[in-house]
Structure formats: structure tokens, C-alpha cells
Amino acid sequence: MKVLDTERLTLRELSLADAAFILKLLNEPSFLQYIGDRNVRTLDDARNYLLQGPLESYRRHGFGLLLVETKAAHIPLGICGLIKRESLPAVDIGFAFLPEFWSQGYALEAASAIVAYGKEVVKLNRIVAIVSPDNERSIRLLGKLGLSFERMITWPEDGAELKLYTTDAVRSVQK
Ligand SMILES: CC(C)(COP(=O)(O)OP(=O)(O)OC[C@H]1O[C@@H](n2cnc3c(N)ncnc32)[C@H](O)[C@@H]1OP(=O)(O)O)[C@@H](O)C(=O)NCCC(=O)NCCS
């Protein structure tokens, strides 16, 4: 199901037919380094990831990570979308693209559309993002999207120190 169109891209719901693309993307060194190892090694693993991750999220929340593909030729470039996690105070935006499609503004184009969709369609009043302090490309993208650094958080799953970014411009003053 198509969710969004941008100038160059289509963002649509993932399906089990995207397993081969997911298998490739989730084993990219950049994905393993900055997002983590989802232990997806076979097409069956990828189908299980899709079932338990994005597809379950569509069912539960009505949103989730989407496939980003070129509008004309339907070439899959990456994934981008909204994620609801127990461990975060608000819905966060996530994105990952195959390296061969970096540096062309595709991630910015897809993520800008997701931020607008989150605010206008899902009616979120706040969108956050978590990022490793050394993930310079992602931090640059978050800045272009208008998110600002809020604070460091310790990720409960692995104890990693991550930066929390938010669409909120004004931070509450702690007394
Ligand atoms: C994070 C990630 C999605 C960023 O991808 P990206 O390609 O750097 O991001 P953008 O789409 O904003 O592209 C920016 C570049 O495109 C260039 N560009 C070219 N054409 C452009 C256009 N039409 N519009 C905007 N920028 C354009 C920009 O100048 C910029 O150049 P630079 O790479 O020399 O700085 C990518 O690095 C990735 O998938 N990383 C692995 C997964 C990951 O870390 N995810 C985030 C976890 S928090």
C-alpha cells in the first residue's frame, strides 16, 4: 500500500515480498554499526523480521517503517518511517538507505515527508530520534529535518549512550 509520494520517491508499506531487500539492507556494515545487528541472515529471518517489526507496527499503530523506492522505476533505496518503542517518550523517526544511494538527498526527501506525515496525518505533536554520537551523517540529516539535540540517554537494550533529538524547539527548564 502506497502511503506517500515525494518529488522523486514513493514510500509504501513493506510486505513479505521485500525480504531480499531487507536481508541486504540489514547486513550493510553501516546498518550493523549504527543501528544494530537484527540477526537477519536468511530470507526466512527477513520475513520474520518483517512480520514482527514493520507489519506488526502497521497493525498495532497504523504506521511503521516504510519502503522508500524511486517513483519511476520502483528501485528500492532504503527504509524510513515512524516507530513506537516502549523505551522512548514519543514516537521516533528511523531511516536507513543502501550506501549506493547516499549523498543524493534521498534520505532527506523521504524523512521530510515522514515528519510532515507524522505531524499532519498521525497528529503527533512531537517526534524524536535516537542516534549514536559518532553517526555524523544521521546527525546532519536530523539537523536538516529541524530536530534538535535534547539530551543523552542510556539505551536499555544494550546500555549504549545515544543522543536523543526532538522536534520540540523549547525544552522544559529543570529545577
Ligand atoms: C543516515 C543516512 C540515511 C543519511 O544518508 P545521506 O545520503 O547522507 O542523507 P541525505 O539524503 O540527507 O543526503 C545528503 C547529501 O546529499 C547531497 N544532495 C545531493 N542532491 C541533493 C538534493 N537534491 N537534495 C538534498 N541534498 C542533496 C547533500 O549535499 C548531502 O551531501 P553530502 O553527503 O556530501 O553531505 C545514511 O547515512 C544511512 O542509511 N546510514 C546507515 C543507517 C543509519 O545510520 N541510520 C540512522 C540511524 S539513527
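1. A backbone N or O atom of Gln104 lies 3.3 Å from a nitrogen atom of the ligand, a polar contact in the sense of a pair of N or O atoms within 3.5 Å (within protein, one must be able to donate a hydrogen and the other to accept it, and residues adjacent in sequence count only if both atoms are side-chain atoms). For Ala107, a backbone N or O atom is 2.9 Å from an oxygen atom of the ligand. Phe95 places a polar backbone atom 2.7 Å from a ligand nitrogen.

2. On the basis for these values: this is a predicted model, in which local features need pLDDT of at least 70 and side-chain atom pairs count only at pLDDT 80 or more, while totals for chains, interfaces and linings use all residues. Residues are numbered from 1 along each chain as its sequence is written, and side-chain values use heavy atoms, with hydrogens and water left out.

3. There are 22 residues around the ligand, each with a heavy atom within 4 Å of it. Those that come nearest are Phe95, Phe97, Ser103, Asn135 and Arg137.

4. Ser103 sits in the loop between strand 5 and helix 4; helices (H or I, at least four residues) and strands (E, at least two) are DSSP runs numbered from the N terminus. Its phi is positive, near 65°, although the residue is not glycine. Most residues other than glycine have a negative phi. Ser103 counts as exposed because its relative accessibility is 64%; the classes are buried under 20% relative accessible area, exposed over 50% and partly exposed in between (1.4 Å probe, protein chains only).

5. Lys123 also has a positive phi near 65°. Lys123 is in the loop between helix 4 and strand 6 and is exposed, at 65% relative accessibility.

6. Which residues of helix 5 (residues 136-144) are buried? They are Ser138, Ile139, Leu141 and Leu142. The face turned away from the buried side carries the exposed residues Glu136 and Lys144. Gly146, with a positive phi near 90°, follows helix 5.

7. The largest nonpolar core has 48 residues, of which Ile22 and Phe95 touch the most other members. Such a core is a set of buried Ala, Val, Leu, Ile, Met, Phe, Trp, Tyr and Cys residues joined through side-chain atoms within 4.5 Å. Helix 4 supplies the largest share, 7 residues. Beyond its neighbours within four places in sequence, Ile22 is in contact with Leu14, Ala46, Tyr49, Leu50 and Ile79. A second, separate core of 7 residues includes Val128, Trp155, Leu162 and Leu164.

8. The structure holds 12 salt bridges, each a side-chain nitrogen of Lys or Arg within 4 Å of a carboxyl oxygen of Asp or Glu. In the bridge between Glu150 and Arg126 the closest N and O atoms are 2.7 Å apart. This pair links distant parts of the chain, 24 residues apart: Glu150 in strand 7 (residues 148-154) and Arg126 in the loop between helix 4 (106-120) and strand 6 (128-131). Both residues are buried.

9. Glu150 also meets Arg151 in a salt bridge (3.3 Å, N to O). Arg151 is partly exposed, with a relative accessible area of 39%. Shared partners join Arg126, Glu150, Arg151 and Asp168 into one network of salt bridges.

Key. Contact = heavy atoms within 4.5 Å.
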